[in-house]
Amino acid sequence: MSLRLVSKWQIPLVVAVVLVMAPVVSRADSPADLFVAQCAVCHTMSAKDPMRQGPNLGNVYGRKVGSVAGFAYSPDYTKANFIWDAKHLDAYLANPASVLPDSYMAYQQPDPAIRAEIIDYLKQQAPLYVDGK
Ligand code: HEC
């Protein structure tokens, strides 16, 4: 049978596919992994998941600051009046108290490239979590 011939032909194809996939599959710090490693200890994405120390973040990109019902924000969050966009998120993730002075979010990310990756991820996720659900 020509099975041997067929599999011989397939080898370069399989090698090519593996080479193309390798960087994607083996990359440890995908944006989703970054979120899990850096944020998920305190934040879930969906309002359907039990609340952790911080409010859910699935739809935070484009959401009004301090607006998750039932979350006990520090007063500056509910007094503030802005929408979480890339500019606000970037300053906030670098140093939350620089945006909202009474923040007790215990997180700071000094690396602008990591902040940008997390912000892009939040922006991509937002349409999937309408009303935080
Ligand atoms: C150690 C826990 C902790 C970690 C880690 C943490 N956060 Fe928070 N986050 C909080 C808390 C607590 C608040 C509310 C703070 C307050 O009310 O003073 C908050 C609030 C926020 C808010 C404001 C949300 C709103 O509804 O206005 C954003 C945005 C946010 N966090 C993003 C992030 C992102 C993105 C990460 C990861 C890169 C992260 N946080 C990591 C605890 C954390």
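Is Asp 131 buried or exposed? I counted 9 other C-beta atoms within 10 Å of Asp 131, so Asp 131 is exposed. The cut-offs I used: buried means 20 or more other C-beta atoms within 10 Å of the residue's own, exposed means 12 or fewer, partly exposed is in between, and C-beta atoms are placed from the backbone.

**Entry: source and numbering**

I am working on a predicted model, in which local features need pLDDT of at least 70 and side-chain atom pairs count only at pLDDT 80 or more, while totals for chains, interfaces and linings use all residues. I number residues from 1 along each chain as its sequence is written.

**Entry: confidence**

I looked up pLDDT, the predictor's confidence in each residue, from 0 to 100. The protein chain has a mean pLDDT of 87, and 79% of its residues reach 70 or more. Over residues 22-27 pLDDT stays under 50, and there the model has zero contacts beyond four places in sequence. Where pLDDT is low, the predicted coordinates should not be read in detail.

**Entry: the chain as a whole**

I found six helices and zero strands in the protein chain. The elements are DSSP runs numbered from the N terminus: helices are H or I with at least four residues, strands are E with at least two. Read from the N terminus, the order is α-α-α-α-α-α. The protein chain has 133 residues, of which 17% count as buried. Among contacts with a separation of 6 or more, 50% join residues 24 or more positions apart.

**Entry: ligand shell**

I listed 26 residues around the ligand, and the closest are Cys 39, Cys 42, Gly 54, Ser 74 and Met 105. A residue is near a molecule or strand here if its C-beta atom, placed from the backbone, lies within 6 Å of it. The shell has 17 nonpolar, nine polar and no charged residues. For these classes, Ala, Val, Leu, Ile, Met, Phe, Trp, Tyr, Cys and Pro are nonpolar, Asp, Glu, Lys and Arg are charged, and the others, Gly among them, are polar.

**Entry: α2 against α6**

Two packed helices are described by the angle between their axes and the distance between the axes. I read both for helix α2 (residues 31-38) and helix α6 (residues 112-125): the axes come within 9 Å and cross at roughly 105°. The α2 helix is therefore roughly perpendicular to α6. Angles of 65 to 115 degrees count as roughly perpendicular, under 35 as roughly parallel, over 145 as roughly antiparallel, and the rest as oblique. The axes are lines fitted to C-alpha atoms, for helices over the stretch in contact, with angles from 0 to 180 degrees between N-to-C directions. On the α2 side, Pro 31, Ala 32, Leu 34, Phe 35 and Gln 38 make the contact, and on the α6 side Ile 114, Glu 117, Ile 118, Asp 120 and Tyr 121. By class, that contact has seven nonpolar, one polar and two charged residues.

I also checked Asp 33, which is in helix α2. Asp 33 counts as partly exposed because it has 13 C-beta neighbours inside 10 Å. Asp 33 and Ile 118 are 85 residues apart in sequence, with their C-alpha atoms 9.7 Å apart.

**Entry: Val 99**

I found Val 99 in helix α5 (residues 96-99). Val 99 has 20 C-beta neighbours inside 10 Å and so counts as buried. Leaving out residues up to four places away in sequence, Val 99 touches His 88, Ala 91 and Tyr 92.

**Entry: after α6**

I went back to Asp 131, which is in the segment after α6. Asp 131 is not a glycine, although its phi is positive, about 55°.

Terms used. Contact = placed C-beta atoms within 7 Å.
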